[in-house]
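Visitor: Please take me through this entry one question at a time, with the cut-offs stated as they come up.

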Amino acid sequence: MLESLTEKNKHIAIGAALGIFFTLSTTAIILATTGSTKRFTSNNTHNKSRRRSSIGESIDKFIALPKSKDSSVICDGVAGLIGNTPMMRIKSLSDATGCEILAKAEFLNPGGSTKDRVALSMINTAERDHILTPGNGSTIFEGTVGSTGISLAMMAKARGYNAWIVMPDDVALEKSQLLEKLGAHVEKVRPVSIVDKNQFVNLAKRRAQEFGKNGEAGSLSSEDEGSDKTGFFADQFENLANFEAHFTTTGPEIYKQTKGNVDAIVMGAGTGGTLAGVAKYLKALLPDLRTYLVDPQGSGLFNKVKYNIMYSPTEKEGKRKRHQVDTVVEGVGINRLTRNFSMSEGFIDDAIRVTDQEAVDMARYLVNQEGLFIGSSSAVNCVGAVRIARELGPGHTIVTLLCDSGHRHLTKFWNDEYLANQGLEVKDVVDNLDFIV
């Protein structure tokens, strides 16, 4: 074909063919390069993603990043901090007995004790029943040896109420100081029998009844005629909102935290609401569970449970040293039956008596062995837990409560001079459990 073309046309044909060839070659190279680049970019992006994922997994392992569903939970004020306290294994007691001795750390509630649950329940119930109205400046009255008053004073501030607390004048000084710092009016009275009209509980009830009547209740009274402010007597000993707080929160929490693996519950009683609420809830789910009351010296509950007689040897004429309960322990022990304690009828299997010396030694032992600084009622509970562990034998699980810390017992239960004056021995170091007889 080329032979038939002129010399000029030959050159034109050859040039066109070469042009087409180079155009096609360039296009192929570009397409090939583009594809390679896309593949490289895709692979690079994938590798970066894998590296980021790998780094994320490493971070997750080292700093335990919270799950998104948990990180969004925010408590609503101090009320939202109450309850769901951790359960701790007391290693020294567990190792010494061969049992798992577990303690619910109630001292980690915002008000520092298990009474936060009770205060919140009593106030919520009063608001539900339209006795109290949040923010209207009503006054909550209560007779207490300290912890319930502190919890009520805290919640009163949070809900817009005032607090008027009547208490014996021989309780640890720091309790009244805490109450005053929380804005409560504190009225101290001489410790007397419940039959006395000026006993601290009776007086608190009367102050609530007097509220708004010509200012008879001191400086706290309704300011305006027709005001909706009221005086509310919380009445922790007889108000069943106390029992309900533990039946609906403390009991279920213990069951959940132990997965139902509990052989015995051991705890003291003051109002009786904690023991009754926890025992009644758990016994319905765990028929073989055994429940023990642990009682300090001077209290009549031990004999009531054991022999159905409300009596303490210190009630004998000429034997009583203190007007309420003859013990250095505060918060548990009583010489009358309360409505809350009556809710435990049929749910307590046995009772244990703990001496003041045992409680003092246990508190010092736990500081030395665990760094655990507990209050007097918590020490009583721990003595009881060891006693029951020894009775049941190794392999059992015993649960008790650490009701409050030692911080509100500095001037009495943790005061060596005071204890010595009460005839108790204060040891520098307690490093074994031989003191429990």
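Guide: A residue is called buried when its relative accessible area is under 20%, exposed when it is over 50%, and partly exposed in between, using a 1.4 Å probe on protein chains only. The model is predicted, so local features need pLDDT of at least 70 and side-chain atom pairs count only at pLDDT 80 or more, while totals for chains, interfaces and linings use all residues. Residues are numbered from 1 along each chain as its sequence is written, and side-chain values use heavy atoms, with hydrogens and water left out.

Visitor: How many helices and strands does the protein chain have?

Guide: Both kinds of element are DSSP runs numbered from the N terminus: helices are H or I runs of at least four residues, and strands are E runs of at least two. Of the 437 residues in the protein chain, 48% count as buried. The secondary structure comes to 14 helices and 10 strands.

Visitor: Among contacts with a separation of 6 or more, what percentage comes from residues 24 or more positions apart?

Guide: Contact means heavy atoms within 4.5 Å. Counting the contacts in the protein chain with a separation of 6 or more, the share from residues 24 or more positions apart is 73%.

Visitor: Which residues touch the most other members of the largest nonpolar core?

Guide: Such a core is a set of buried Ala, Val, Leu, Ile, Met, Phe, Trp, Tyr and Cys residues joined through side-chain atoms within 4.5 Å. The largest nonpolar core has 61 residues. The members that touch the most others are Ile140, Leu179 and Ile265.

Visitor: How many residues are in the other core that lies apart from it?

Guide: Members of this other core include Ala264, Val332, Ala379 and Val430. The number of residues in it is 40.

Visitor: What is the strand order in the open sheet of 4 strands?

Guide: Two strands pair if DSSP finds at least two bridges between them. Strands E3 (residues 139–143) and E4 (residues 162–168) run parallel over 5 bridges, and Phe141 stands opposite Trp164 in E4. The pairing in this sheet is parallel, and the order is E5-E4-E3-E6.

Visitor: Which strands are at the edges of that sheet?

Guide: An edge strand here pairs on one side only. The two are strand E5 (185–189) and strand E6 (231–233).

Visitor: What angle does the direction of helix H7 make with that of E3?

Guide: Axes are lines fitted to C-alpha atoms, for helices over the stretch in contact, and angles run from 0 to 180 degrees between N-to-C directions. Helix H7 (residues 200–210) packs on the sheet and touches E3, E4, E5 and E6. Its angle with E3 is about 160°.

Visitor: Are helices H5 and H6 roughly parallel or roughly antiparallel?

Guide: Angles under 35 degrees count as roughly parallel, over 145 as roughly antiparallel, 65 to 115 as roughly perpendicular and the rest as oblique. The axes of H5 (residues 147–159) and H6 (residues 173–181) come within 9 Å and cross at roughly 10°. Gly149, Ile150 and Ala153 of H5 meet Lys175, Leu178 and Leu179 of H6. The two helices are therefore roughly parallel.

Visitor: Which strands stand at the edges of the sheet of 6 strands?

Guide: This open sheet has mixed pairing in the order E1-E2-E10-E7-E8-E9. An edge strand has a single partner strand, so one of its sides lacks a neighbour in the sheet. The strands in that position are E1 (87–89) and E9.

Visitor: What is the relative accessible area of Ala389?

Guide: Ala389 is in helix H13 (residues 376–392), which lies across E2, E7, E8, E9 and E10. Not counting residues up to four places away in sequence, Ala389 touches Thr97, Cys99, Ile101 and Ile398. Ala389 is buried, with a relative accessible area of 0%.
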